Amino acid sequence: MKFNLHTHTTRCNHATGEDREYVESAIKAGMKVLGFADHCPQFFPGTDYYSFFRMVPELAAEYAASIRALQREYKDDIKILLGFETEYYPKTFDAFMEFIRPLRLDYLIMGQHFIGNEFDENSYYAGSSGKTESYLNIYVKQVKEGLDKGVFTYLAHPDIVWYQGGMAYYERKMTELCKDALKKDIPLEFNMLGYLNGRSYPNPAFWNIAAKVGNKAVIGYDAHNPEMLLRDDLLKKCQDLMKTCGVKETPFEEIKLRNENL
Ligand SMILES: [Zn+2]
Ligand SMILES: [Zn+2]
C-alpha cells in the first residue's frame, strides 16, 4: 500500500502548492494515506532569533483546520493525517508539547535538523559539511533522548548528519542509534527529497547499518510541492537502493502513530 507521512505546506515558507493540490496528487499517485507533517513552530526563549523556514505559531490553528477539512472532504478517497515534523530541543520541548496539545494531532515525526538547537551558541545545522565525531556523538544522544518521549511516529532522515570523521566511529554511534530505535519500535525514514537533491543523505553507509540491526524503515517523500508525490520514478530508485542495502520497507499497518500522548 502506497503512503507518505512527510508532506509540507506553504506555511513553512519554502514549499509551494495549495493543501488541496497535495491531496489530489496523492490520490492520483494511488496513495492510500497522506500525512501532512509541516515544519512545526518552535520557541526561542530569551532571544530575538526568528526562524524563516518553519511555520509561525499564529498559523498552526489555520493549518490544522485546513487539513481537517480536507480529511473530511476526501474521506472516501484517501486517509489524511494531521501532523508536524519537529525538532527535539530539550530546553523548549515541554513548551512545544503544551502548544500542540489543543491541535489534537494524529501524529508527530522527529526531524533533527540541528545539533543542539537553532537559537543559541550551541547550534549546528546537521546537514552541512564537516561534522566529525563530537557532533555525531551529540546528535545520537539528542535523538535517543527525543525518541524516549514516546510521541514520535518515526525518525525522519536519521542519517542527516553530513559526517566526515572516521568510519569506525560512525558505525559504532549509528549502530547505537539504530538499536535504540529498534528497541522502541520506531521506524527510520529513507528520505526521498535528500535523494532527489543529491544531499549527504540517504547515506548507504547508514542504511547498511540499519539493515544489520534490522530496523523498520519507511520511505518519506518530504514533499515541498504537490508534483513530488507523483514521482514514481524516484520512489522506485529509493526502493531499489534500500533493497541493495538490505533494508525492508515497513507496511503502514505496522507503524504505530503513538498519538495517545499528544
Ligand atoms: Zn522543509
Ligand atoms: Zn526534515
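**View 1. Helix 5 packs against helix 7 in this predicted model.** Helix 5 spans residues 167-183, and helix 7 spans residues 204-213. The crossing of the two helices is right-handed.

**View 2. Residues of helix 5 meet residues of helix 7.** Helix 5 brings Y170, E171, M174, T175, C178, K179 and L182 to the contact. Helix 7 brings A205, F206, I209, A210 and V213. By kind, the contact residues of the two helices divide into nine nonpolar, one polar and two charged.

**View 3. Strand 4 pairs with strand 3.** Strand 3 covers residues 79-86, and strand 4 covers residues 107-110. The two strands run in the parallel sense and share four bridges. E85 stands opposite I109 of strand 4. Which way do the residues of strand 4 point? Y107 and I109 point one way, and L108 and M110 point the other way. All four are buried. In a regular strand, side chains alternate between the two faces of the sheet.

**View 4. Strand 8 pairs with strand 9.** Strand 8 covers residues 188-191, and strand 9 covers residues 217-220. Four bridges join these strands in the parallel sense. F190 has I219 of strand 9 as its bridge partner. Are the residues on the two sides of strand 8 buried or exposed? L188 and F190 on one side are buried, and so are E189 and N191 on the other.

Definitions and conventions
Residues are numbered from 1 along each chain as its sequence is written. Chains are lettered from A and ligands numbered from 1 in the order in which they are written. This is a predicted model: local features need pLDDT of at least 70, side-chain atom pairs count only at pLDDT 80 or more; totals for chains, interfaces and linings use all residues. Axes are lines fitted to C-alpha atoms, for helices over the stretch in contact, and angles run from 0 to 180 degrees between N-to-C directions. A crossing is left-handed if the near helix is turned anticlockwise from the far one by less than a right angle, and right-handed if clockwise. Two residues are in contact if their C-beta atoms, placed from the backbone, lie within 7 Å. Ala, Val, Leu, Ile, Met, Phe, Trp, Tyr, Cys and Pro count as nonpolar, Asp, Glu, Lys and Arg as charged, and the others, Gly among them, as polar. A residue is buried if 20 or more other C-beta atoms lie within 10 Å of its own, exposed if 12 or fewer, and partly exposed in between; C-beta atoms are placed from the backbone. Two strands pair if DSSP finds at least two bridges between them.
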